[in-house]
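Hi everyone, thanks for making time. I'd like to walk you through a structure, so let me put it up on the screen.

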Number of protein chains: 2
Amino acid sequence: MPPLRRLDVVLDSVKRLQRIGATANLLNLLQKQHPADLAEVLGDLRPLERRSAFDTLLGHNSRLAMEALSELDREVGAALLVDRPAEALARLFPELPSDDAAALIDQLPEDLAASVLELMRESGEVQHLLGYDDRTAGRIMNPEVFALSEDLTAGEAIQALQGSRDVEMVFYLYVVDERRHLVGVVSLRRLLLVSPETPLKRIMTTELIRARVDTDQEDVAREVADYNLLAIPVVDGENKLAGIITVDDVIDVIKDEATEDILRLAGVSADESVATSPFEAWRKRLPWLAVNLATAALAALVVQRFEATIDRVVALAAFMTIVASMGGNAATQTLTVIVRGIALGELTWGNTWRALRKETLVGLANGMVFGIAGAGIAWWVVGNPYFGAILALAMVINLIVAAFAATLIPISLRALKVDPALASAVFITTLTDVFGFFAFLGLATFFIRYL
Amino acid sequence: MPPLRRLDVVLDSVKRLQRIGATANLLNLLQKQHPADLAEVLGDLRPLERRSAFDTLLGHNSRLAMEALSELDREVGAALLVDRPAEALARLFPELPSDDAAALIDQLPEDLAASVLELMRESGEVQHLLGYDDRTAGRIMNPEVFALSEDLTAGEAIQALQGSRDVEMVFYLYVVDERRHLVGVVSLRRLLLVSPETPLKRIMTTELIRARVDTDQEDVAREVADYNLLAIPVVDGENKLAGIITVDDVIDVIKDEATEDILRLAGVSADESVATSPFEAWRKRLPWLAVNLATAALAALVVQRFEATIDRVVALAAFMTIVASMGGNAATQTLTVIVRGIALGELTWGNTWRALRKETLVGLANGMVFGIAGAGIAWWVVGNPYFGAILALAMVINLIVAAFAATLIPISLRALKVDPALASAVFITTLTDVFGFFAFLGLATFFIRYL
């Protein structure tokens with residue numbers, strides 16, 4: 001990742017201009033940036049510098065300031081707004097497309113969000129979006145969608161388009177009937193290829209992919225990605241056109257969902273990022289580690305039950321960690337392949353059985369290879385072939401258990417409509433710790449006379 | 001994830017029609033599907049069924065068959081081609097856009113790929129793409145880009161567009177000078193809003209974001225996502241227009257890179273998926289587990305050095321696993337936040353120091369909280385407050401080491417231009433195992449007279 005040189009220069013200039021108090025120059029520099037670049041520069045400033053730069057811009061170009069803010073990490077963005085009066089916020093949000101405004105309002109403390117919405121009641125649209133469930137098409141769509149009546153001709157359609165303003169990225173033109181039911185779509189390019197008198201009805205495609213307001217955002221993203229769409233229309237329960245989701249919003253969903261899976265698998269809250277404050281990060285990671293402490297204590301209790309055995313053959317204490325560690329890593333591999341397969345839609349109900357078979361076979365094969373290798377190491381170090389044999393057997397058992405657990409737990413969570421990524425490494429690796437210790441020390445206790 | 005009901009029906013019908021040998025009906029059904037749907041159905045069939053369905057389609061509609069194949073998991077797709085003669089393949093690949101063809105050819109065994117390319121030499125384009133480095137803009141771009149001369153008027157541009165065929169998703173029209181240098185861009189919508197006599201030069205935007213053929217595909221994806229673009233032009237070292245990367249390709253890059261990070265963090269090869277065969281999966285996971293066996297053996301040797309101490313206080317064997325497990329999980333949390341932060345471009349050189357400070361603080365705070373909690377459990381179970389105190393101290397040390405290692409290792413890998421996700425849990429958790437055992441057993445040995 002080569003550093004973006006231009007933005008580094010901008011960042012340094014912003015800091016310098018702030019230091020010498022050259023507000024006019026600072027403003028001039030900020031106003032020249034693209035909102036996405038501004039967000040990156042703001043994100044790299046310290047909190048106080050960020051606040052000051054944002055306020056400077058907000059005073060002179062509130063639209064650009066708000067656009068940059070909506071590109072910032074949400075937590076960081078909300079922190080820049082949270083201590084302002086509701087009246088000021090209610091004036092600022094209408095600068096943004098209503099889907100972006102809704103996402104930001106959602107980040108504010110409940111009281112403040114309620115007051116802001118009360119004040120914005122006239123505008124209606126933002127409130128409307130917040131009425132849909134989180135993570136649905138309704139929540140992320142832009143309700144300002146450009147639609148044409150099915151009675152128009154191609155020429156009239158082009159005229160209507162020329163008269164439109166402020167419509168997000170128009171390239172598909174949705175066609176509706178007199179009661180706003182979605183009946184078809186015409187691409188901008190197609191409009192250019194026919195004579196102006198052609199009725200839209202004749203050139204529109206009627207078989208079109210649409211999402212419903214209550215469709216899960218992940219399913220919407222998958223449809224857009226699978227069919228290579230630039231946008232997808234969103235309809236209500238009666239097939240009335242309610243909004244549009246464009247591909248840039250879909251990219252955000254895909255990135256967010258991937259981030260969420262990666263973080264959850266590691267036992268981190270889905271909304272943590274590099275920008276999260278140390279205190280917040282500590283508070284958010286605490287519960288996961290608390291669960292791990294409880295399960296690790298369980299594993300320790302299992303070991304404690306075998307203290308008499310360890311007391312007789314103290315080398316068991318060293319080698320039990322190998323069995324547990326291999327189980328944990330093999331389980332993490334399986335878990336990750338399964339969770340990612342579910343997220344990408346590659347693991348369907350149809351091939352679940354095949355996946356379980358595959359993972360069990362891989363677990364068995366790896367158990368045998370590394371069981372024998374571990375047995376060799378143990379024999380060599382401890383000087384007792386039986387010690388090695390017990391380690392090999394425990395490894396095979398633990399790796400098969402790991403494969404089973406790491407496949408079935410996320411699949412079961414999905415069946416229960418819980419995020420499979422919640423079956424994070426925290427749970428699975430402790431499970432393999434417990435089983436690994438139990439198998440190894442249990443076998444050792446049973447065959448203690450050979451050790 | 002609600003199952004896609006329509007496709008389940010298609011899948012069942014395909015299986016049924018295959019079973020009763022109703023080839024004509026089967027072909028009819030397959031030909032009605034969108035390539036993306038076909039790929040999903042093919043992916044869900046067993047290998048033999050898949051081969052048979054694909055061959056049926058290939059015989060009658062090779063274009064659709066190849067399009068579906070290019071949407072399949074790459075490994076699965078290549079398996080459907082690999083045993084065909086080079087001559088047959090050389091006739092099939094031209095059915096695809098050259099970027100898709102290049103990606104598929106890249107998956108074939110080297111000998112076969114070379115023969116196919118030799119036979120396709122006339123077409124030139126695919127070979128041209130394969131000349132660029134893997135994971136660069138040049139490799140994933142489509143060289144068939146629609147460009148207009150800067151001397152045209154808006155009306156002439158629309159005429160040129162009407163005459164064009166088979167051009168991938170046109171919405172930005174790139175403007176070039178007489179030597180094909182990229183000089184500007186006009187949106188399709190803008191063309192409609194001006195009078196036909198307006199020269200392109202007057203309405204084109206000259207400040208446009210472009211990628212170079214050697215730009216890393218991840219950087220291209222970030223630019224397209226950050227600036228909400230639908231496509232990005234790719235130029236060579238002399239600013240000559242070489243191709244176009246559309247947003248659908250960018251979505252694939254974003255998904256692939258996220259998958260790669262998720263899998264690598266877990267110690268799985270970047271190209272494994274649910275569809276990988278058991279044997280392949282075993283072969284690919286083997287090296288990661290071998291590394292883990294080596295590092296786990298190292299941790300076991302550390303424990304072995306303290307056998308005399310464990311022999312005297314056997315409860316240490318049970319409680320050392322808690323210190324190691326907490327360290328491993330805390331390290332995984334930190335590692336994942338850092339690696340994802342790098343991938344999303346949120347962790348820049350500018351805020352590296354802040355990230356290290358945050359992670360150390362979180363490690364210290366968690367070490368104290370869980371050190372005290374663990375000490376309480378140990379005191380209660382073992383009945384010795386000094387035992388608890390040693391556990392607490394070891395936990396604090398191990399969690400700070402975990403924070404440092406899990407922050408600095410991926411950052412250092414990035415500085416060395418190695419994928420930070422390669423600092424996978426395999427390495428980091430064994431590191432915390434070693435440190436955890438060493439800190440806990442070392443302290444116990446030092447304070448053995450209190451235990």
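Let's start inside chain B: once neighbours within four places in sequence are set aside, I245(B) is in contact with A137(B), I140(B), M141(B), V220(B), A231(B), I232(B), V234(B) and V250(B). Apart from the core this residue sits in, there is another one of 78 residues, which includes V302(A), I322(A), F440(A) and A330(B). Please keep in mind that this is a predicted model.

Back to I245(B): it belongs to the largest nonpolar core, a set of 116 residues. Along with I245(B), the residues with the most contacts inside that core are Y174(A), I245(A), F93(B), V116(B) and Y174(B).

Now, how are the two chains related? Chain B can be laid on chain A by a turn of 180 degrees with a shift of 0.0 Å along the axis, and the RMSD is 0.1 Å.

On to the interface itself. Here 117 residues of chain B are in contact with 116 residues of chain A. Between them, the chains bury about 10400 Å², and 67% of that is on carbon and sulfur atoms.

For the polar side, there are 29 residue pairs in polar contact across the interface, both residues at pLDDT 80 or more. The salt bridges between the chains number 4. In one salt bridge, E359(B) pairs with R285(A), with the closest N and O atoms 2.8 Å apart. And helix α19 of chain B, residues 315-343, gives the largest share of the side of chain B touching chain A, at 18 residues.

How values were computed:
Residues are numbered from 1 along each chain as its sequence is written. Chains are lettered from A and ligands numbered from 1 in the order in which they are written. This is a predicted model: local features need pLDDT of at least 70, side-chain atom pairs count only at pLDDT 80 or more; totals for chains, interfaces and linings use all residues. Side-chain values use heavy atoms; hydrogens and water are left out. A nonpolar core is a set of buried Ala, Val, Leu, Ile, Met, Phe, Trp, Tyr and Cys residues joined through side-chain atoms within 4.5 Å. Buried means under 20% relative accessible area, exposed over 50%, partly exposed in between (1.4 Å probe, protein chains only). Contact means heavy atoms within 4.5 Å. Copies are superposed by least squares on the C-alpha atoms of residues with pLDDT of at least 70 in both. Buried area is the accessible area (1.4 Å probe) that two parts lose on being put together, summed over both. A salt bridge is a side-chain nitrogen of Lys or Arg within 4 Å of a carboxyl oxygen of Asp or Glu. A polar contact is a pair of N or O atoms within 3.5 Å; within protein, one must be able to donate a hydrogen and the other to accept it, and residues adjacent in sequence count only if both atoms are side-chain atoms. Helices (H or I, at least four residues) and strands (E, at least two) are DSSP runs, numbered from the N terminus.
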